[in-house]
Amino acid sequence: MADSIQDAVSRALSDSPDRNFRETVDIAVNLRDLDLADPNNRVDESIVLPSGTGQDTRIVVFAEGETALRAEDVADEVLDNDDLEDLGDDDNAAKDLADETDFFIAEASLMQDIGRYLGTVLGPRGKMPTPLQPDDDVVETISRMKNTVQVRSGERRTFHTRVGAEDMDADAIADNIDVILRRLFTDLEKGPQNIDTVYVKTTMGPAVEVPA
């Protein structure tokens, strides 16, 4: 399967016209034979890409004390409990933060307050923070999440996710796609039989089917 994925990626990259910006590479997955009205059948996975996303991933950390200090060097923004309360009083600011941020991480002790102040904003967007336990290394957690994508179908039969950038090697992008598909094969009720088609494309380029 890896060779066929790489061939599809190479075609997608070569068929993409030159643009004046750095394009992402995405896959579109079309599901079949699943009742997506049942939340148990929906795809909702955080997947670490072996070759990285090829893009900046914005991560915001809710933390206090030593954890906050350590996070400042690697996170895009670190917010404390006072900031959390302020966001709870400013719905527009909370929504802007949610829309601009790929992933949130929070000390486990702050999760209850986050649910109270931001649950109605982060919950529907699927962006509730990953809890950071006392023994977790915040730097390591952030580094891992920088290479993570969220793969989520919701109720839609077709969904998309980022797998790289146009200036990455085709084999590196293919490795990322392979990891995502293998996870889907494991998670879906009927494995590969629940996947109808998969396409790979750059932001503005034509879609190329990835052979099953």
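Strand 1 (24-31) is largely enclosed by the rest of the structure, because seven of its eight residues are buried. Buried means under 20% relative accessible area, exposed means over 50%, and partly exposed lies in between (1.4 Å probe, protein chains only). The model is predicted: local features need pLDDT of at least 70, side-chain atom pairs count only at pLDDT 80 or more, and totals for chains, interfaces and linings use all residues. Residues are numbered from 1 along each chain as its sequence is written, and side-chain values use heavy atoms, with hydrogens and water left out.

Strand 1 has partners in strand 8 and strand 9. Strand 8 (residues 158-165) runs antiparallel to strand 1 and is joined to it by seven bridges. Here Asn-30 stands opposite Thr-158. Strand 9 (residues 195-202) is also antiparallel to strand 1, again through seven bridges. In this pairing Val-25 faces Thr-202. Strands are DSSP runs of E with at least two residues, helices are runs of H or I with at least four, and both are numbered from the N terminus. Two strands pair if DSSP finds at least two bridges between them.

The loop between strand 1 and strand 2 (44-48) holds Asp-33. This residue is not a glycine, yet its phi is positive, at about 55 degrees. Most residues other than glycine have a negative phi. Asp-33 counts as exposed because its relative accessibility is 55%.

Two buried residues follow. Thr-57 sits in the loop between strand 2 and strand 3. Its relative accessibility is 4%, so Thr-57 counts as buried. Not counting residues up to four places away in sequence, Thr-57 touches Asp-76, Asp-102, Phe-103, Met-145, Lys-146 and Arg-162. Contact means heavy atoms within 4.5 Å. Asn-176 belongs to helix 7 (residues 170-187). With a relative accessible area of 0%, Asn-176 is buried. Its contacts, not counting residues up to four places away in sequence, are Leu-49, Pro-50, Ser-51, Gly-52, Val-163 and Met-168.

A parallel open sheet is built from four strands in the order 4-3-5-6. Strand 4 (77-79) and strand 6 (130-132) are the edge strands, each pairing on one side only. Neighbouring strands are turned by 25 degrees against each other on average, direction ignored. Axes are lines fitted to C-alpha atoms, for helices over the stretch in contact, and angles run from 0 to 180 degrees between N-to-C directions. Strand 5 (residues 103-107) runs parallel to strand 6, and three bridges join them. Ala-106 has Pro-131 of strand 6 as its bridge partner. Helix 5 (residues 111-122) packs on the sheet and touches strand 3 (59-62), strand 5 and strand 6. The direction of helix 5 makes about 160 degrees with that of strand 5.

Helix 4 (residues 91-100) meets helix 5. Their axes come within 10 Å and cross at roughly 60 degrees. The two helices are therefore oblique to each other. Angles under 35 degrees count as roughly parallel, over 145 as roughly antiparallel, 65 to 115 as roughly perpendicular and the rest as oblique. In the contact, Asp-91, Ala-94, Lys-95 and Ala-98 of helix 4 meet Leu-118, Val-121 and Leu-122 of helix 5. By class, five residues are nonpolar, none is polar and two are charged. Ala, Val, Leu, Ile, Met, Phe, Trp, Tyr, Cys and Pro count as nonpolar, Asp, Glu, Lys and Arg as charged, and the others, Gly among them, as polar.
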